[in-house]
Amino acid sequence: MVKSILTALAVWIAATSTGFAQDKLKVAIPQRGFWDSSWVEFGQHAGFFKDAGLDVEIFWTDGGAQTLTAALSGSVDVALSNGTLGVVGAYAKGAPVRVISAQMTGAGELYWYVRAESGIKSLKDAAGKTVAFSSPGSSSNLILLALLRQAQVDAKPLAAGGAPATLTQVMTGQIDVGWAAAPFGLQNILDRKITVIARTTDVPQLANQTIRVNIANTESLKTKRAAIEKFMRVYARAIDWAYQNPRAVEIFAQNMKLALPIARKAVDEFYPKAGLQIGEIKGLDLTLKDALDYKYIPAPKTAQEIAGLFDILYKPEK
C-alpha cells in the first residue's frame with residue numbers, strides 16, 4: 001500500500017514538474033551595466049521572466065560583431081542591441097538572422113570625448129586624429145561615420161572595444177578621441193578630466209532612425225518562436241518597470257558603481273523612453289543609404305527588397 005502511494009506520488013510530482021517546466025533561451029547582451037543593456041536583469045530582478053515561464057541565460061559581449069556573430073553561429077537564440085547597419089549587411093550576405101524588434105531609436109546616450117588638456121575642441125579639430133568606436137557594424141560605428149561626414153573632417157576611425165578599454169587608451173595617449181555611452185565617464189566629465197566634443201544629437205536626422213535592433217537566429221525562431229515572443233513581451237514590460245520604479249535606477253547605480261544622482265542624471269538626460277520603443281523600425285530608407293555609402297552592402301537595396309529581414313514579434317499598444 002505504502003509503495004503504491006509512493007509510486008503515485010512520484011508520478012504526480014513528475015507530471016507537475018513537467019507542467020511547470022520553463023522555456024530556456026540563450027541571450028547575448030553587449031556592454032553590461034549600461035541602462036539599455038539592463039532590461040533582462042531588471043526583468044529577472046522583478047520576477048517577470050519566471051512569471052512568464054522563461055529561463056534566460058545571459059552571455060555578455062563587447063558589442064558590435066561579437067554580439068551579431070553569437071546569433072549567426074547559433075550560440076544564442078537572441079542577441080540584443082545590434083547595430084542596424086551590421087545586421088543589414090549580414091542579411092544581404094545570406095546570414096541566418098531576423099530582426100525581431102527595434103532596440104534604440106536615436107541613441108542619444110553616445111558621446112565622443114578627449115582628454116581635457118588635448119586642445120581638441122570639436123570633431124573639426126580631429127583631422128588626421130584617431131577617433132574611437134566600439135566595433136565594426138555597431139551603432140557607435142554608424143554614428144561616428146555620420147558625425148565625421150557632417151563635420152567634413154578626415155579623421156581615422158578606430159575600433160577600440162568597450163567603453164572602459166577606450167577610456168584607458170585615451171588617457172594613455174593611444175587614441176585621440178574616445179567614445180562612451182552615458183553614464184560611463186560622467187564623473188570624469190564633472191571632474192574635468194575629459195571633455196565632450198560630440199554627441200549623437202549633433203546629427204538631427206539620427207533622432208528618427210533606429211540605430212540598434214534586437215535579432216534572433218532563424219533556426220531558433222522556427223523551434224522557439226513562442227518562447228522568443230514571450231521574451232519580447234517581458235522585455236517591453238521590463239522597460240516600463242524601469243521607468244516607473246525607482247529601484248531600477250538604484251540597481252543601475254550599483255552595477256555601474258555610480259553615485260545615485262549621477263545615475264539619475266544619465267537616465268533623465270541621455271535615455272528618453274521614447275527612443276526605446278520596440279515595435280517599429282524607423283528611418284529604414286536612411287539606414288539603407290548609409291549601408292550603401294559605408295559599403296555594408298554592395299548595391300542599393302529598397303525597403304521592399306529586405307522586407308524578409310524583419311519579423312517583429314511583439315508590438316506594444318501605444
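This is a predicted model: local features need pLDDT of at least 70, side-chain atom pairs count only at pLDDT 80 or more; totals for chains, interfaces and linings use all residues.

Biologist: How do the axes of α2 and α10 cross?

Modeller: Two packed helices are described by the angle between their axes and the distance between the axes. Axes are lines fitted to C-alpha atoms, for helices over the stretch in contact, and angles run from 0 to 180 degrees between N-to-C directions. Helices (H or I, at least four residues) and strands (E, at least two) are DSSP runs, numbered from the N terminus. Here α2 (residues 39–46) and α10 (residues 246–256) have axes that come within 11 Å and cross at roughly 120 degrees. That makes α2 oblique to α10; angles under 35 degrees count as roughly parallel, over 145 as roughly antiparallel, 65 to 115 as roughly perpendicular and the rest as oblique.

Biologist: Which residues of α2 and α10 meet?

Modeller: Contact means heavy atoms within 4.5 Å. From α2, Glu41, Phe42 and His45 meet Arg247, Ala248, Ile251, Phe252 and Asn255 of α10. The residues of this contact divide into four nonpolar, two polar and two charged. In these classes, Ala, Val, Leu, Ile, Met, Phe, Trp, Tyr, Cys and Pro count as nonpolar, Asp, Glu, Lys and Arg as charged, and the others, Gly among them, as polar.

Biologist: And how do α9 and α10 cross?

Modeller: The axes of α9 and α10 come within 5 Å and cross at roughly 90 degrees. That makes α9 roughly perpendicular to α10. Trp241, Ala242 and Gln244 in α9 touch Pro246, Arg247, Ala248 and Ile251 in α10.

Biologist: Which residues of α10 are buried?

Modeller: Buried means under 20% relative accessible area, exposed over 50%, partly exposed in between (1.4 Å probe, protein chains only). In α10 the buried residues are Ala248, Val249, Ile251, Phe252, Ala253 and Met256. Their cover includes α2, α9 (218–244) and α11 (260–270).

Biologist: What happens at the start of α10?

Modeller: A polar contact is a pair of N or O atoms within 3.5 Å; within protein, one must be able to donate a hydrogen and the other to accept it, and residues adjacent in sequence count only if both atoms are side-chain atoms. At the start of α10, a side-chain oxygen of Asn245 comes to within 2.8 Å of the backbone nitrogen of Arg247.

Biologist: What does the side chain of Gln150 reach?

Modeller: Gln150 sits in helix α6 (residues 139–151), and its side chain reaches the backbone oxygen of Asp202 at 2.6 Å. Gln150 is partly exposed, at a relative accessible area of 41%.

Biologist: Which residues does the cis peptide bond join?

Modeller: The cis bond links Ala182 and Pro183, with omega about 15 degrees. Look for Pro183 in the loop between β8 (178–181) and α8 (186–190).

Terms used: Residues are numbered from 1 along each chain as its sequence is written. Side-chain values use heavy atoms; hydrogens and water are left out.
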